[in-house]
Amino acid sequence: TKDLKIGLEHGDAIGKATQLVRHLGDLPANICTPSYLASVARKIVSKNKSASLKVLNEAQMKKLGMNSLLSVTAGAQEPAKMIIAEFKNGQKSQKPVAVVGKGITFDTGGISLKPSNKMDEMKYDMCGAASVIGTMNAISELNLKTNVIGVIAAAENMPSGTATNPGDVVTTMSKQTVEILNTDAEGRLVLCDALTYISRFKPKHVVDIATLTGAVLVALGKVASGVLSNDEKLTKKLLNSSRISHDYIWELPLWEEFQSELDSNFADIANIGKRYAGTITAACFLSRFTEDYSWAHLDIAGTAWNEGSEKGATGRPVSLLTHFILENAKSL
């Protein structure tokens with residue numbers, strides 16, 4: 001009876017979180033802005049005494065050296081936000097698990113403008129951020145005895161006279177320089193600064209979630225999200241949670257041989273690789289900013305939303321993430 005009650009509580013919390021993620025993903029971009037995401041996160045945090053919220057504005061991000069993230073929002077009127085939600089209900093000595101979400105609330109592609117066909121679907125480019133918010137909501141509702149940090153890099157990617165140009169070089173928070181060959185490969189540009197920022201919390205594991213590449217659709221369709229990691233043990237934990245939740249993921253290689261695809265003549269790294277292995281080279285880019293901790297990347301571009309008559313956000317992978325954090329809390 002006790003186990004049944006716990007299972008029902010977990011299922012109810014995950015169900016509510018999934019609905020929240022779907023709702024956020026379905027909202028139009030004129031409502032669901034970076035500021036709106038911050039307000040939703042604030043409401044969730046305000047309900048739990050163990051939680052706190054910090055929202056960095058563009059001036060604060062500039063001071064921290066987040067020029068990669070700021071290059072994405074350079075053409076937008078809507079200000080970018082870095083949203084940091086901390087849930088500290090575990091022991092003080094316990095290292096936190098961190099979930100980091102891509103929150104591009106609308107993606108035109110910037111100067112590397114996308115085709116008009118299906119551009120309306122680019123309101124879903126914040127589903128990684130939505131899954132972080134949903135996961136934090138489930139954790140807060142269950143009041144888990146664990147420490148979790150949720151970070152969201154939220155911005156719009158718009159073309160204008162102030163927008164970043166292809167060929168521009170920016171310096172990231174980590175001091176690595178990036179040649180921006182394509183402004184439509186913007187998710188990795190906001191995530192790399194968020195992944196550098198998260199290191200100050202000395203996390204046990206970091207999982208980033210992003211609608212990052214169309215290439216993952218070619219590889220895995222809409223059934224499984226791609227997972228790439230620098231830690232085999234973390235990958236196994238995520239695969240186990242995938243089996244429990246039926247929120248499927250599949251591992252792709254992150255071999256050193258792929259890194260040369262990102263070579264640049266003018267900077268430390270280019271923001272896109274060559275023609276092939278787009279999902280892998282995108283993760284290779286992110287891996288340059290995660291060498292100090294255990295990290296995994298979830299590419300949810302194929303699984304975060306449905307198309308056609310079923311068009312709408314799916315709520316994935318909040319079930320996977322919540323199960324992963326539940327399992328981590330059990331192992332403490």
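I began with P317, whose place is in the loop between β13 (312-313) and α10; helices (H or I, at least four residues) and strands (E, at least two) are DSSP runs, numbered from the N terminus. This is a predicted model, in which local features need pLDDT of at least 70 and side-chain atom pairs count only at pLDDT 80 or more, while totals for chains, interfaces and linings use all residues. Residues are numbered from 1 along each chain as its sequence is written, and side-chain values use heavy atoms, with hydrogens and water left out.

**Entry 1: backbone details in the loops**

I looked up the peptide bond between R316 and P317 and found it to be cis, with omega about 5°. Most peptide bonds are trans, and most residues other than glycine have a negative phi.

With that in mind I turned to K118, which is not a glycine and yet has a positive phi, near 65°. K118 sits in the loop between β3 (97-107) and α5, and its relative accessible area of 41% makes it partly exposed (buried means under 20% relative accessible area, exposed over 50%, partly exposed in between, with a 1.4 Å probe and protein chains only).

**Entry 2: the chain as a whole**

I counted elements next, and the chain has 10 helices and 13 strands. Its radius of gyration is 18 Å, close to the 20 Å that the globule rule gives for 332 residues, so the chain is as compact as a globular protein of that length (the radius is taken over C-alpha atoms, and the rule is 2.2 Å times the number of residues to the power 0.38). The C-alpha trace spans about 60 × 45 × 40 Å along its principal axes.

I also noted that buried residues make up 60% of the 332 residues. Of the contacts in the chain with a separation of 6 or more, 78% are between residues 24 or more positions apart, where contact means heavy atoms within 4.5 Å.

**Entry 3: how the helices pack**

For each pair I read an angle and a distance between axes, which are lines fitted to C-alpha atoms, for helices over the stretch in contact, with angles from 0 to 180 degrees between N-to-C directions. Angles under 35 degrees count as roughly parallel, over 145 as roughly antiparallel, 65 to 115 as roughly perpendicular and the rest as oblique.

Helix α1 (residues 2-26) packs on helix α2 (residues 34-46) at an angle of about 160°, with the axes 12 Å apart, and α1 and α2 are therefore roughly antiparallel. On the α1 side I found L20, H23 and L24, which meet Y36, L37, V40 and I44 of α2. By class this contact has six nonpolar, one polar and no charged residues (Ala, Val, Leu, Ile, Met, Phe, Trp, Tyr, Cys and Pro count as nonpolar, Asp, Glu, Lys and Arg as charged, and the others, Gly among them, as polar).

I then followed α2 to α5, where the angle is about 10° and the axes are 10 Å apart, which makes α2 roughly parallel to α5. The contact brings L37, V40 and I44 of α2 against A129, I133, M136, N137 and S140 of α5, and its residues divide into six nonpolar, two polar and no charged.

In α5 I listed S131, G134, T135, A138, I139 and L142, which meet V318, L321, T322, I325 and L326 in α10; the classes are seven nonpolar, four polar and no charged.

**Entry 4: two leucines**

Is L69 buried or exposed? I found that L69, which belongs to helix α4 (residues 67-73), counts as buried at 0% relative accessibility. Beyond residues up to four places away in sequence, L69 touches M61, A80, M82, A153, L189, V190 and D193.

L53, in strand β1 (residues 51-56), counts as partly exposed at 25% relative accessibility. Leaving aside neighbours within four places in sequence, I found L53 in contact with A38, A41, R42, V45, I83, I84 and A85.
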